[in-house]
Amino acid sequence: MKLTIYHDGQYWVGVLEDQDQGKLKAVRYIFGAEPKDEEILQFIRNKVSELISRLSEEVAVKPSEVKKVSPKRLARQATNEVRRKGVSSYAQEALKLEYEKRKQERRTGSKQQLEAALARKRELKVLKAKEKHRGR
């Protein structure tokens, strides 16, 4: 599991990547103002498991070879990763798939609501016409 926090120009955003058995899931969380260490720890303790459990879209990831890395190289890689802005392309793809899925669900839900409202309106119109026909 990997959490990357960066400033996107307007908000502070956290991208959480969870890789399991060659599958990567990613979720984007908007912090708003710059998060303090306590807020990040609270986010990790309380919200991470909930966010990861809600995800259903996965991206297949090629497993990288794990080699023994010297401590100096590891420190350089860590500083480069801190300096780097953004997230991996696999995470972006997973975020995009999840976003498209939610967008499709929202469309179908709103379409059903619209159809239900139109059916109710039609039903009221028919009832009103029957009342008028009866002379009331």
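**Reading Charges, Rings and Strands**

Guide: Let us begin with Glu-123, which is partly exposed with a relative accessible area of 43%. The model before you is a predicted one.

Visitor: Why does Glu-123 count as partly exposed?

Guide: A residue is called buried under 20% and exposed over 50%. Glu-123 has 43%, so it belongs to the class in between.

Visitor: With which residue does Glu-123 form a salt bridge?

Guide: The general idea comes first. Side chains of opposite charge can pair when their charged atoms come close. In this structure, the partner of Glu-123 is Arg-120, and their closest N and O atoms are 3.4 Å apart. Arg-120 is also partly exposed, at 45%. Because the two residues are three places apart in helix 4, about one helical turn separates Arg-120 from Glu-123.

Visitor: How many salt bridges are there by this rule?

Guide: The count is four. One of them joins Lys-101 to Glu-105, with 3.8 Å from N to O. These two residues lie four apart in helix 4 (residues 89–133), so they too are separated by about one helical turn. Lys-101 is partly exposed at 29%, and Glu-105 is partly exposed at 45%.

Visitor: Which parts of the chain does the pair of Arg-28 and Asp-8 link?

Guide: The side chains of Arg-28 and Asp-8 meet in a salt bridge of 3.6 Å, N to O. This pair connects distant parts of the chain: Arg-28 is in strand 3, while Asp-8 is in the loop between strand 1 and strand 2, 20 residues away. Both are partly exposed, Arg-28 at 43% and Asp-8 at 32%.

Visitor: In which sense do strand 1 and strand 2 pair?

Guide: Strand 1 (residues 2–7) and strand 2 (residues 12–20) pair in the antiparallel sense over six bridges. Leu-3 stands opposite Leu-16 of strand 2. The two strands form a hairpin with four residues between them, and Gly-9 in the turn has a positive phi of about 105°. Strand 2 and strand 3 are also antiparallel, over nine bridges. Their hairpin has two residues between the strands, and Gln-21 takes a positive phi near 50°. Across these strands, Gly-14 stands opposite Tyr-29 in strand 3.

Visitor: How many aromatic pairs does the rule give?

Guide: It gives three aromatic pairs. In one, Tyr-29 and Phe-31 are edge-to-face, with 5.1 Å between centres and 75° between planes. In another, the rings of Tyr-29 and Phe-43 have centres 4.6 Å apart and planes at 35°, so this pair is tilted. The latter pair links distant parts of the chain, since Tyr-29 is in strand 3 (residues 23–32) and Phe-43 is in helix 1 (residues 37–46), 14 residues apart. Together, Tyr-29, Phe-31 and Phe-43 form one aromatic cluster.

Visitor: Which residues does Phe-43 touch?

Guide: Setting aside residues up to four places away in sequence, Phe-43 touches Leu-3, Tyr-29, Phe-31, Val-48 and Leu-51.

Conventions: Residues are numbered from 1 along each chain as its sequence is written. This is a predicted model: local features need pLDDT of at least 70, side-chain atom pairs count only at pLDDT 80 or more; totals for chains, interfaces and linings use all residues. Side-chain values use heavy atoms; hydrogens and water are left out. Rings of Phe, Tyr and Trp (its six-membered ring) pair if their centres lie within 6.5 Å; planes under 30 degrees apart count as stacked, over 60 as edge-to-face and the rest as tilted. Contact means heavy atoms within 4.5 Å. Two strands pair if DSSP finds at least two bridges between them. Buried means under 20% relative accessible area, exposed over 50%, partly exposed in between (1.4 Å probe, protein chains only).
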